[in-house]
Structure formats: C-alpha cells, structure tokens
Amino acid sequence: MGKIALLVSREEMLYQAHNILQEKKFQIQEMRVIKTGDCIMEARQSIADGASIIIARGLQASLIKQYTDIPVVEIVLTAQEMALLVMKAKQIVKKTRPVIAVVGFDNMFCDMSYFDELYEIELRTYYAKQGVELPQAARRAVEDGVDLIIGGDTAVSIANQAGVASLFLSMTEDSIRQAFSMAERVEYAMNAEKKTAAQMETLADYSFSGVIRLDSAGRITAVNSLMEEIIGRSQAELKGQDIRRIAPQMGEEALNQVLKAGKDYSLFQEWNGVPVFAVLAPVLYEERVDGAIITCHKVKKKAAVPDKKGKDKNGALPPLVRFEDILQRSAVMQECIRLARLYAMSDQPVVLRGEPGTEKRMLAESIHNSSSRGNGPFLDVPCDGLSEEDQYHMIFGDRGAVLQSQGGTLLIQDAEELTAANQYRLYQLIRFHVCHGADIARLRKVDVRVMVTVGKPLIQLFQEEKLRADLYYLLSGLELAVPPLRKRREDLEQEIDMTLHDCCERYSRYHVLTNGAKEILMRFPWPGNLFQIESYCERLILTARKRSLDEIAVRQLFEELYPESEEGVDDSGMPVPAYENEEAEQIETLLRRFGGSREKTAKELGISKATLWRRMKKYGIE
C-alpha cells in the first residue's frame with residue numbers, strides 16, 4: 001500500500017489540514033511545508049519514501065505533475081470560498097458593480113462562469129502558466145484599471161505598490177477537505193485497478209491459451225507464459241513492440257477493425273510453425289477503444305501417414321505455398337485470406353471460385369499448410385478435358401489421387417467438369433469418407449479432405465444442371481470467392497512491378513516503364529490475371545528495343561497479343577477495349593476532321609501543339 005502526501009507552501013494550510021485530520025475521516029501519512037523552488041526535489045523525496053499520491057496547490061502542483069509520474073490531486077478553491085472572497089471585495093470597494101481581478105494559476109480556482117450575474121460584479125481572470133509570469137499578470141490587471149485584485153503574495157504586493165485595493169487569496173478548510181476526499185477516491189481506484197490487474201495476470205498465467213495485451217496504438221503491454229512459448233520470445237523482449245511487426249500475418253485490416261472500429265476479429269495464423277486460432281477483442285472504456293486482448297489457441301496438426309519404412313505413404317513432396325506468399329495489399333484480398341485462414345481450422349470441403357489465373361491453387365495449398373493436415377500430402381488433379389473413365393482412374397482408381405492423399409488434402413480442379421457418375425463418387429467420398437472402386441460393392445475407408453475449384457458460383461452451376469443436387473448442398477458451405485486482379489488495384493500494381501523486375505533479372509536487362517505505360521497496364525482488365533500478366537511481361541521484356549518502355553510499346557504489344565474483341569471482359573463479362581479513353585478518342589476524331597492537322601486540332605482543344613504531341617505519344621496516336 002502506498003501513502004498520500006500533502007505538500008503546501010504556507011504554514012496556515014498545514015494547520016487547517018491538522019484540524020481536518022482530527023475528524024479521523026482521512027488517512028494522510030505525510031504533511032510538509034515546502035518552497036516552490038524545491039517542490040520537484042521534495043516531491044521526489046516523498047515518492048522515494050513511499051508516496052503514491054501527492055496533494056498540492058497552484059504552481060507547485062503543476063510542476064510536480066509535470067516532472068513526476070504519480071497522480072497529483074490539486075487543491076482547488078471551492079465556489080463557496082470564492083464567493084466569500086468576492087463578497088469581502090465588494091465591501092472593500094463599495095461600488096455598485098465593481099471590476100474585480102483574480103490573479104493566479106487556473107488550476108487553483110473553481111468554475112466562476114456565472115459570478116458576474118450572481119454577485120453583480122465584473123470578474124476578470126489573469127492566469128499565469130509559470131511563477132515568473134505572475135508579476136506580469138498582476139501588472140496587466142493594474143493597467144486595465146480594475147477596482148480590486150484577489151491573489152497571492154506577489155499579486156497583493158504589486159497591487160499595494162500601484163495603490164490598487166487587494167485581497168489575499170485565503171482559503172477555508174473546505175478546499176483541503178475536498179482535496180483529501182479526492183485523493184482517497186483516487187487511491188481506492190488505483191488499488192482496485194491493481195487488484196483487477198493482478199487477477200487478470202493470474203488468469204492469463206494459468207490460462208490454457210496464449211494471451212497478449214495491447215494498448216490503443218497496437219503496442220504489446222503484456223504476454224502470458226504460454227504466449228512467450230508460442231512466439232519464442234520473452235515478455236521483456238516483446239513489451240513495447242508493435243504487434244504489426246511481431247505478427248505481420250494479422251494485417252492492418254484486422255487491427256483497424258479492433259483498435260479503431262471496436263469490433264472483435266478472428267483469424268488463423270502461424271507463429272514459429274505453430275498453427276493458432278487467434279481472437280482479437282477490443283477493450284472498451286467509456287465508449288472508446290483503450291486497447292485489445294488477443295487470445296491464441298493452439299491447433300494440432302495431423303501426423304503424416306507413414307509406411308513401413310517411415311516415409312510418407314505416397315512419397316509426395318510437401319506443399320510450399322503459405323498465406324504470406326499471396327498478394328494481399330488490397331482490402332478485398334485481405335478479407336479473402338482472413339476467411340481462408342478460418343476455413344483452415346475445419347475439415348469440411350472448401351470451394352474456391354475465381355477466374356483463370358487467380359490464386360485458387362495457392363489458397364488451397366495455404367489452407368492445407370495451415371490446417372491440422374499440414375504434415376500430410378497435398379495433391380491436385382484436373383477434370384477439364386478428361387473422359388469419364390480418365391477422371392475415374394485419376395481420382396478414384398486403385399492408384400488414384402484419393403488413395404495417394406490419405407491423411408492430407410485433395411484438390412479437384414474444375415469440379416463442374418466431373419461427369420454425373422464421378423460427381424456421385426465425390427459425394428460419397430466427402431459424405432461417408434469412402435472411395436468407390438469399379439466394383440460398387442468394394443469400398444475403401446479413406447481420410448482425405450477435399451477442396452474443389454470452380455469457375456462460376458455453385459448456385460449457377462446447379463441451376464445450369466452442371467452440378468448434382470446432393471453434391472451442391474454438400475459443397476455450399478465453405479465457399480471462397482477469389483477476387484480478380486482488376487478489383488485489387490494495389491495487388492495488380494505489385495504483381496506488374498514484381499513480374500517486370502523478375503523478367504529483367506532473368507534476362508540481365510534493365511527496362512523501365514513510363515508513367516503513361518504504367519497507366520495503360522493498370523487500366524487493362526487482365527481476364528487471365530496472374531497467368532496473363534506473366535506471359536505478357538515476358539514478351540514485353542524479351543522484345544523490347546529500348547530501355548524506356550512507353551505507351552506505344554505497351555499498346556502495340558496489346559494489339560498484337562489481344563485483339564480488341566479478345567482484350568478482356570468487364571464485370572458483366574462483356575468484351576472491352578484495353579485503351580478506351582475519352583480524351584484519346586476526341587484527339588483521333590479531331591485529327592481525322594482536320595485532315596491530320598495538329599495545329600487545328602490543338603486550337604480546337606485549347607492546348608499547345610507541344611502538349612498535343614505529348615498526349616498523342618501517350619495514347620500511341622500516329
């Protein structure tokens with residue numbers, strides 16, 4: 001237990017405090033008279049002697065609060081005390097509506113907003129922030145021609161020298177009693193907070209989950225021992241660190257939801273190869289977010305199925321892709337990966353829907369790696385273009401993918417291309433964990449998690465009768481829509497930059513895009529997503545004739561590779577030209593109208609010929 005110390009500047013205040021303590025209502029363990037010049041040193045001495053709260057007044061209180069880190073309760077004149085002083089001042093001045101000045105520090109006074117109306121005076125306040133400013137404040141009051149000055153020794157002395165009436169700023173026991181009461185309430189709150197913190201610390205230390213406490217800025221304030229074990233670092237190393245650096249997988253979106261919006265958030269991630277399910281909950285205080293609690297539950301991984309020699313039964317190489325390897329600067333992709341991390345906790349089938357070239361397979365691998373089956377095999381098989389018999393042998397046959405992926409995950413690509421008979425076999429595999437052979441009476445019990453990729457929403461495939469009803473309802477749970485790159489501008493820009501850089505490195509070349517060329521690449525819808533970007537950039541770098549790749553080079557390659565009718569599709573699936581631009585169309589129209597005259601075209605547009613030439617170059621207009 002700490003103690004409460006009273007530090008004051010005048011002996012009479014100490015006498016008043018002794019009188020109050022005779023009532024035996026308060027426990028004040030230390031009381032001293034100190035000089036303002038020594039107040040910081042005296043306060044630090046009290047803290048060293050065990051003081052946890054200091055009571056002080058005026059400038060001394062301000063200085064102690066500024067240069068120490070414990071609560072300071074300020075002695076503030078009560079409204080009743082100020083009213084007594086004002087009434088005495090009116091008796092001294094003997095005017096109908098006297099102008100009364102109050103000189104001192106603003107932390108010494110109560111709210112006096114309505115004193116003018118209540119006591120028929122004109123009250124003016126002259127507050128100083130530092131002790132050296134007090135004489136100047138008192139002189140301003142004298143210069144303003146006030147009738148009387150209420151203040152301390154300095155203000156009264158200056159008033160007397162100027163021949164202005166004055167009144168010493170004395171107080172009754174009320175303000176000190178009020179300060180004592182406030183100090184004890186603060187002490188009670190501090191002890192309650194310490195007790196609660198101790199209880200929370202005990203709960204955290206004996207919890208079966210890892211616990212991290214964050215402040216409102218996302219900095220770690222405490223971790224329990226289990227969390228130290230999960231992260232592989234001690235609390236001393238972690239305390240004060242930004243959680244964004246310690247757990248980059250959480251992403252800014254998750255932290256914004258918790259620390260700014262005050263909503264809880266859950267996700268699946270790994271720390272030092274340990275898969276955990278993390279729940280982020282905001283700490284709300286008076287309707288504002290004061291921090292967050294993160295609880296992490298370990299998720300066990302299934303061991304790989306060994307053969308007699310101790311090797312993986314199928315000898316398959318483990319998948320290498322993880323969530324961190326996927327482009328995810330955009331908010332929509334961050335949300336997609338958040339859901340994928342959650343789906344990794346389940347053993348139910350996952351449907352990955354998206355356009356060609358999106359990260360469907362990468363997400364499937366990442367889900368597998370983060371799941372309890374992460375140590376087992378991961379296989380994927382295509383369905384498109386295969387006959388019913390080929391599909392059967394590749395997936396369900398004696399040497400098929402189902403039997404080879406025991407204890408792991410099987411990804412079936414383009415599942416809508418499965419024949420009705422094989423769709424039924426897939427239904428049996430998911431629903432009853434059995435593999436149908438050629439002989440229907442011959443069933444094998446299997447332990448395989450299934451994921452499938454499709455090009456359209458499941459409901460649409462069902463309505464088009466491309467999907468059996470039983471399989472549709474079985475799959476329509478954990479569906480994940482992978483957004484195309486045209487809806488992920490931040491990811492699109494990163495992919496273009498990375499792919500061009502990789503191509504230049506691979507072929508020992510150095511090429512740069514002009515701003516105009518970059519703009520054209522960013523406007524193109526890229527219906528082939530990652531595949532199309534990689535093949536386009538490969539060709540662009542290999543065939544580049546100069547270091548700077550401008551709009552003309554980019555456009556010419558687009559026209560060569562993707563004629564207008566095949567350049568891309570918009571959100572409704574309709575073909576769109578890659579270079580559709582109103583300004584370019586306007587320039588071309590005017591050039592045709594004026595027979596190619598740049599002068600007349602520039603005049604019509606209200607720009608110079610040089611500007612027109614630059615814009616023609618930008619849009620590749622000849």
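Reply: Happy to! Let's start with E359, which is buried because its relative accessible area is 2%. Buried means under 20% relative accessible area, exposed means over 50%, and partly exposed is in between (1.4 Å probe, protein chains only). This is a predicted model, where local features need pLDDT of at least 70 and side-chain atom pairs count only at pLDDT 80 or more, while totals for chains, interfaces and linings use all residues. Residues are numbered from 1 along each chain as its sequence is written, and side-chain values use heavy atoms, with hydrogens and water left out.

Me: Where is E359 in the chain?

Reply: E359 sits in the loop between β14 (350-353) and α14 (360-370). Helices (H or I, at least four residues) and strands (E, at least two) are DSSP runs, numbered from the N terminus.

Me: Which side chain makes a polar contact with E359?

Reply: That is R488, and the contact between the two side chains is 2.8 Å. A polar contact is a pair of N or O atoms within 3.5 Å; within protein, one must be able to donate a hydrogen and the other to accept it, and residues adjacent in sequence count only if both atoms are side-chain atoms.

Me: And what else does E359 touch?

Reply: Leaving out residues up to four places away in sequence, E359 touches I326, L327, M333, V482, R488 and L530. Contact here means heavy atoms within 4.5 Å.

Me: New topic: how many helices and strands are there?

Reply: The chain has 26 helices and 22 strands. It has 622 residues, and 46% of them count as buried.

Me: Can we look at a helix? Which residues of α2 are buried?

Reply: In α2 (residues 39-48), the buried ones are C39, E42, A43 and S46. Down the axis of α2, they fall within an arc of 100 degrees, so they line one face of the helix. The arc is that of the directions from the helix axis to the C-beta atoms.

Me: What's on the face turned away, and what covers the buried residues?

Reply: M41 and A48 are exposed on the face of α2 turned away from its buried side. The cover over the buried residues includes β1 (3-8), β2 (30-33), β3 (51-56) and α3 (58-67). After α2 comes G50, with a positive phi near 110 degrees.

Me: What about α7, which residues are buried there?

Reply: In α7 (residues 153-161), they are A155, V156, I158 and A159. Their arc around the axis is only 165 degrees, which puts them on the same side of α7. They pack against β5 (99-104), α6 (134-143), β7 (148-151) and β8 (165-168).

Me: How do α21 and α23 cross?

Reply: The axes of α21 (residues 515-523) and α23 (residues 551-561) come within 7 Å and cross at roughly 30 degrees. That makes α21 roughly parallel to α23. Axes are lines fitted to C-alpha atoms, for helices over the stretch in contact, with angles from 0 to 180 degrees between N-to-C directions. Angles under 35 degrees count as roughly parallel, over 145 as roughly antiparallel, 65 to 115 as roughly perpendicular and the rest as oblique.

Me: Which residues meet there?

Reply: G516, A517, I520 and L521 in α21 meet E551, V554 and F558 in α23.

Me: Last one: is L123 buried or exposed?

Reply: L123, in strand β6 (residues 122-127), is buried, with a relative accessible area of 14%.
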